[in-house]
Each structure stands twice: as C-alpha cells, then as structure tokens.
Amino acid sequence: MPEPTPPAPTLAVEDLAVEYRVGQSGFLASRQTFRAVEGVTFAIARGETLGLVGESGSGKSTVGRAILRRAPLAAGRVLLEGEDISHARGRQLQRLRARMQLVLQDPYASLNPRMSVADIVAEPLIVHRRVASKAQARARVAELLHLVGLPEDAHTRYPHAFSGGQRQRIGIARALALEPPLIVADEPVSALDVSVRAQVINLMQDLQEKLGLSYLCIAHDLAIVRHISHRIAILYAGRVVEIAGRDAIYDAPKHPYTEALLAAVPVTDPAVQRGRARAVPRGELPDLTRPPPGCRYAPRCPRASDLCHARQPPLEAKAPGHLAACWHPG
Amino acid sequence: MSAPLLAIDHLEVVFDTRGGAVEAVRGVSLAVARGETLGLVGESGCGKSVTAQAVMGLIDPPGRILAGDIRWEGRSLTRDPKGWARLRGSEIAMVFQDPMTSLNPLMSVGDQIVETLRYHKRLGRSAARRRAAELFGQVGIGAPERRLDQLPHEFSGGMRQRVMIAMALACEPKLLIADEPTTALDVTVQAQIVDLLNELQAELGLAIILITHDLGVAAGLCRDVAVMYAGRIVEMGPIDTLFAAPAHPYSQGLLRSTPTLTASERRLVAIPGAPPRLIGPPTGCAFLARCPIGDEACRRLPPLAPTGAGGRAACFKAGRDAWADAREAAAN
C-alpha cells in the first residue's frame, strides 16, 4: 500500500459518475439507465469544509453515498488521504469505513431506540476492535460525550429522553468515536428547530478546529451552509455547475442557477422579501434518462442561447479558484 | 365595529396521554380580519399547528378543547358543531405541508376537485369540471384540461402543492390556513408558492393564517405575526416592526439564530437548551430556563402587554437586548 503523501487532500473526487437502472425488471422488459451524477470533481483539504448544495434530484446525497462506497461508481475515482478507494472491497473497505463517518439528517430515525447512549457511541469502537475492555470503552464514551457537550449522566439514558439537538450530538459523538479524518454530514441540521441548528453548527465548527476534521456538508439551500463552509459546490441535475470559495459564491456568483438559489433563500427582512425581484426560474429538472444535449439548466435559464442548448459548457475557471460551467457567466 | 372574521379567545387544548395531559395550547387569543395575513411562527411543539387544527374543528381524541372559544364572524363555533362542519372546506380552507398524503393517490386530481365542488357548491358535473380547469389556470398549472385527468403521482412536489391550493380555493373561502405549505419543497419551488399565495391574496382578498417555522417565509407573505413558545403567544404585532425590533428574548434569539446570507459574525448565536416539556409545564414564563436575562420575577406569568411599537410582548423585560453578551462572545 503506498504511503500517503503529506500534501494529499483528505478527500479527492475525480470525474465521479454513478449510474442507476430504472424501469421494469424482467426478461423482455426494456432497461434504462440514468446517471444520477456525472463528471463530479472536487477535493477537500485537511480541516476544510466543503458545502455541497443542490435541490432534490441534484444528486447531492448520491455523491455522499458514492464517497462512502455505498453507491456503485460507474466512472471516476475517490481518494481518501491519497489512497484510491474506488474499488476497495471486503477487509479494506471495512477498514476504510472507520476513516470516514456519516452524520445523518434525522436524529430521530438514525439512533436505535432500544440501545442506551453508551452502547450507541461504543458500538463503532467494538466493531472496529478499538477498545480492549469494558472499562476502556466506558472511559472513551465519557470522553466523547463530554466532547460534544452532553451531560455526564447521558450514557445510561435512551434516545427518546433527548431533544432533537441532543440526539444530533449523540450521532456526532458516534461518528467521532473512531477519530475519522473525514465526516460526511448529510443535511445535519435540516430536521432541527432553528434555535437548535445554531448549537449544532457551532459544535461542528469547534470540533473541526480541535480535531482538524474535514467535512463534506450536504445541504439543500445556501443559507444553512454559509456559516460552516470554507468552499461551496453547487450541483444541478447531477453535475457541478459552480465551485468556489464561500464569499465568492455569495457575493459574486457566476452561474445563473446559483443566482436563482440565492434569490430563493427566504430572509427575515419583510421589506427585502416583498420587494425582491425574484430571479426564481419556472420549470423543473430535466429527465435524466434523456438528458438534454447542452447545458442541463438551459431549459430554465433566462440567459440561455442556442449554444447553451447545443453544447454542454465545461466546468472551468472564471476567476482564480472560482469554477463555473456556463457559456454566459455573470 | 363589526366582528372580525375569526376570533380565538383564551383557547386551551390538551392531549391526554399515558404520561399525563400534554398542554399543547395554553391560552391563545388572536383575531383575524377580512383580507388580513397573519403568520403564526414558532418551533416544533409550540402549539401553532394545534391552534390551526382547533380552528378547523379537527381536534380529535385523545385531544380536546379544554377551554376557550372560537368565533366566526361573531358566532361561536365551539357551541355549534354542525355550523362548524359546514364552514370547514367552504369558508375556511386549509393547505397542509405534505400534499401527497392529503390527496387520494387512486383518483385523478380533477375528480377530487370536482367532488368538492359538487358537495359544497352543488354544481353539475360539467360545470364543476369547467370551474376546476379555471382554478388550475388560476394557480399556474399549465394545460389544465389535460392535467385534470392525471393522478397525484404524476405531479411534482410544487405542482401538487398548487393542486392543493386550487382545491382549497374551490369554494371561495374567506380564510385560508396554510400549515407549513412550503416546508417539503425545494427553495426555488418554495419561492414560487409564496409568490402564488401573495398573488391570490391580493386578487381574492383572502385572509391567510400562515403557520411556519421559517421566519423568512412569513416575512414574504404576512403583514402581522404572532410568535408562539410552549403553547402561548409570547409576542405579536406588525411583522415589519416585530422583525426589525423584536421585544421578547425568544423572538430576538429566533431571529438571531436564523442563518442569513449577509451576517458577518463568525459564529451563529444559539439559544441554549430546549423547550420545556408540556406535561406539567412551568407556571411562570416558559422561556425562563433558556433566557439570558430572566430572574426571580419571571417565575410569575408575564402578561401579553403593549410594547409601544404597535405590538405586544409577554415579558417583564420586554425591549431589552437579551443577547448582547452572547453576541459579543460570538464576534470574537
């Protein structure tokens, strides 16, 4: 196994594609495949957060699943700390899973209601044989619960005794048990109340600083990821349409879809909200079993020209560190 | 002065559970005039949806209305169940969060609207169908004649919500209650639905009660707002003044912790803790345990008193900047 070189990013995704089959199964039935994501390339450095933003059907969760090797790769590579994990299987895959953990959206559905908090958090330690004794497991669990700001007596209680925000802390403690360099957080705060979201986002930031974690933070809108992300990638219909530093995305978006997403974020200023000329496009996602030949956003895009309908724009630099896939960038 | 369209007086709703009575709504009073738009905002469990269900007469066991009255154009509904049933779906209509569970999946959407129109408006089949197509056009569904014959699953989430709105409007209601109508939708679709509700409100002079946890959605649609916490209204008033200068520490915290696209703080200001349990809730201010400026006095219940800015707040220290220290800590 090659020694990981120091400058290798925590995660690198190169030209990733994931294919699903749809339609009836059976001997004579016609099978169709569609690519849920295609040509996705990005990297996440140590201690960095990449926000991956897209609406339903954009393929954002599929990208997360493919990285965790829970969705089949049709093309491309995934590198974890420089190691190609695209085709890892069996033992190697199990070892890999200890190094990238998942935090899920719904803290009500993702914790086993019949397991105590101590057992939930200790499970990965036991499965991956990181602790030699019960006493050692107990000590590590206490340490983890303290780290995520849960009360000391939490370990004997069951998930139902906790609020949504506290449950998400339990999920984070479980994800941190194996000290993974990478955490994939799929909508980590979407199911939480507004006042509690901030608690969890602040906690994730603290933990990142303390432990040097890298996050892939998947979200469906641009408001939530703003505080946590260093860079942001926008996904539309399975392709990255724009990727740039956080401030560049919010202050100087290049892709019309990013502009539309920004315009659609509800803000708490009634005058702004009422007076805002909405750049919100009509129409819906294209059918990915028959993707349009040109830009996938062209059917909804106010700036679309003949070129856009005919040829797919490449994802290329429009400014230093700022990539967009658009023939007519803003 | 004539009676408001809807008046809720000291409404109390409880749900009897094995663990005890959950006091979901603990004395809510509010009024909605003709053509008025009111946002009922708060977090899960604050009682906003239960209040709406009570207005619709949809509180079923184990829930029950313990006290209070709901009046429609001055007439008590709680004392007239038959009259209440007649209003429901005709003068008061409701749109829910998840349109897929509110539509019959085996019946074309057209037939579902036609059924409503025939029942409430006593229209004939073809007249009802013409009206249904007209409604589809009104809510922005293209090719209405063709789409009437489709089943719910053939519509996207946003289009399904448009169908729900068309059905709600079928009987020309005076009041539309929209319970988290955009929560299940993508942001770009959400903005389209808010725009549609605004257009319809202006066009038809509808009164709207919008129930939402999203303060931004309320800002886009409502003129007035009531903030609920643990079963009570803690602050209410015109949305412009309330959002610009919230007086209650909870409203202040809620607005502060809502992510924005422009805020410059490195960290978000979070409200510590979680709402209280509503089985045997605190008798004084329910926010006390989480409030940075609460003290002994707050163990008594603060009344909903005028703030001077046209609104009312239930706080002995209303108007003080409760989160100044937390904000300073966040800035560093």
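## Basis of the model

Residues are numbered from 1 along each chain as its sequence is written, and chains are lettered from A and ligands numbered from 1 in the order in which they are written. Because the model is predicted, local features need pLDDT of at least 70, side-chain atom pairs count only at pLDDT 80 or more, and totals for chains, interfaces and linings use all residues; side-chain values use heavy atoms, with hydrogens and water left out.

Two packed helices are described by the angle between their axes and the distance between the axes. Helices (H or I, at least four residues) and strands (E, at least two) are DSSP runs, numbered from the N terminus. Axes are lines fitted to C-alpha atoms, for helices over the stretch in contact, and angles run from 0 to 180 degrees between N-to-C directions.

Helix α5 (residues 125–138) and helix α7 (residues 157–169) of chain B have axes that come within 9 Å and cross at roughly 130°. That makes α5(B) oblique to α7(B). Angles under 35 degrees count as roughly parallel, over 145 as roughly antiparallel, 65 to 115 as roughly perpendicular and the rest as oblique. The crossing of α5(B) and α7(B) is right-handed. A crossing is right-handed if the near helix is turned clockwise from the far one by less than a right angle, and left-handed if anticlockwise. R131(B), L135(B) and F136(B) of α5(B) make the contact with V163(B), A166(B) and L169(B) of α7(B); contact means heavy atoms within 4.5 Å. These residues divide into 5 nonpolar, no polar and 1 charged. Ala, Val, Leu, Ile, Met, Phe, Trp, Tyr, Cys and Pro count as nonpolar, Asp, Glu, Lys and Arg as charged, and the others, Gly among them, as polar.

Helix α4 (residues 109–121) of chain B also packs on α7(B): their axes come within 9 Å and cross at roughly 20°. The two helices are therefore roughly parallel to each other. The crossing of α4(B) and α7(B) is right-handed. V109(B), Q112(B), I113(B) and T116(B) in α4(B) meet V163(B), A166(B) and M167(B) in α7(B). This contact has 5 nonpolar, 2 polar and no charged residues.

## Helix packing in chain A

In chain A, the axes of helix α3 (residues 117–127) and α5(A) come within 7 Å and cross at roughly 30°. α3(A) and α5(A) are therefore roughly parallel to each other. Their crossing is right-handed. From α3(A), V117(A), I120(A), V121(A) and P124(A) touch I170(A), A173(A) and R174(A) of α5(A). By class, the contact has 6 nonpolar, no polar and 1 charged residues.

## Backbone features

The peptide bond from P61(B) to P62(B) is cis, with omega near 10°. P62(B) lies in the loop between α1 (48–56) and β4 (63–72) of chain B.

E81(A) is not a glycine, yet has a positive phi of about 45°. E81(A) sits in the loop between β4 (75–80) and β5 (83–84) of chain A.
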